[in-house]
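Work through the exercises below with the sequence and the model open side by side.

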Amino acid sequence: MNRRPTLLAALALTAAAALTLSACGSDDDTPAKDKDTIAGADTGGKKSASPSTSAPAAADRPKIELPGDLSYTFDWPETGDKEKDAVLADSEQSIKAVDMAIVNQNPLDKAYLYYYEGEAAANTEEFIKAYVEAKARVTGAYSYYDADVQVTGGTAASFVYCEDQSKAFDMYLKDKKVNKTPVTNNSFVLYNAKLRKNEKGVWVVTKLLSQRGSDKCQR
């Protein structure tokens, strides 16, 4: 996630967990959605109950409802591997769920909490609060590509992917003013996520790192 408004850019998240707001950002105007590092909980060493081998019923999943001015392109082709494809599918929902919480101006929105846990959830909450305090939300089009998923033991996964924020921006709610910023190398962000399969069979985010301006993601 990454941004631009001066107000959000001033937000100082902890060095260990700097969340970024999600639109394209210039060097001077970048809110916190992508302040280089989004760190979450490292759940290593904690034993959890054995995850379900089957995916949760659709009825159990939160409904993601977003305004028409937000769009997403996930250029993540199916791998043919059941678990890897599940990671991709749940990751799509987790990304949208965070933006829905921003749109709803609700730092405790249940949808994103379904896909994040521990410090990752806590840091995402702070990220969403930055938008609430700024009375702003995201708008525009996001594109995701170059996905690389690795699953270990059927219960742990690493997921590296790119985000194109060149057509995504922050919008202030009071006057609906969109803070459009020029496209730069920083409009392209590399993410490295750690996930685990929980007891419901959902792949939840436990740790998330980002690198704005990564050479790997330039288009």
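**Exercise 1. Find which side chain meets that of Lys63 in a salt bridge, and decide whether Lys63 is buried or exposed.**

Solution. The side chain of Lys63 meets that of Glu65 in a salt bridge, with 3.5 Å from N to O, where a salt bridge is a side-chain nitrogen of Lys or Arg within 4 Å of a carboxyl oxygen of Asp or Glu. Lys63 has a relative accessible area of 64% and is therefore exposed; the classes are buried for under 20% relative accessible area, exposed for over 50%, and partly exposed in between, with a 1.4 Å probe and protein chains only. This is a predicted model, in which local features need a pLDDT of at least 70 and side-chain atom pairs count only at pLDDT 80 or more, while totals for chains, interfaces and linings use all residues. Residues are numbered from 1 along each chain as its sequence is written, and side-chain values use heavy atoms, with hydrogens and water left out.

**Exercise 2. Locate the salt bridge between Lys197 and Glu83 in the fold, and describe the surroundings of Glu83.**

Solution. The distance from N to O between the side chains of Lys197 and Glu83 is 2.9 Å. Lys197 belongs to strand β5 (residues 188-197) and Glu83 to helix α2 (residues 82-104), so the pair ties together parts that are 114 residues apart in sequence. Helices (H or I, at least four residues) and strands (E, at least two) are DSSP runs, numbered from the N terminus. Both partners are buried, Lys197 with a relative accessible area of 6% and Glu83 with one of 19%. Apart from neighbours within four places in sequence, Glu83 is in contact (heavy atoms within 4.5 Å) with Val151, Gly154, Lys197 and Trp203.

**Exercise 3. State which residues are linked with Glu117 in a network of salt bridges, and how Glu117 and Arg196 are placed.**

Solution. Begin with the pair itself: the side chains of Glu117 and Arg196 form a salt bridge of 2.6 Å, N to O. This pair links distant parts of the chain, with Glu117 in the loop between α3 and α4 (118-134) and Arg196 in strand β5, 79 residues apart. Glu117 is buried, with a relative accessible area of 18%, and Arg196 is buried as well, at 15%. The network consists of Glu117, Arg196 and Glu199. For the whole structure, the search finds 9 salt bridges.

**Exercise 4. Determine whether Tyr115 is buried or exposed, and list what it touches.**

Solution. Tyr115 lies in helix α3 (residues 110-115) and has a relative accessible area of 0%, so Tyr115 is buried. If residues up to four places away in sequence are not counted, Tyr115 touches Arg61, Pro62, Asp90, Gln93, Ser94, Ala97, Val202, Trp203, Val204 and Val205. For Val204, which is 89 residues away along the chain, the C-alpha atom is separated from that of Tyr115 by 4.6 Å.

**Exercise 5. Describe the two faces of strand β1 and how β1 and β2 are joined.**

Solution. In β1 (residues 70-74), Leu70, Tyr72 and Phe74 make up the covered face, whereas Ser71 and Thr73 make up the uncovered one. Strand β2 (residues 136-152) runs parallel to β1 and is joined to it by 5 bridges, strands being paired if DSSP finds at least two bridges between them. The bridge partner of Leu70 in β2 is Gly140.
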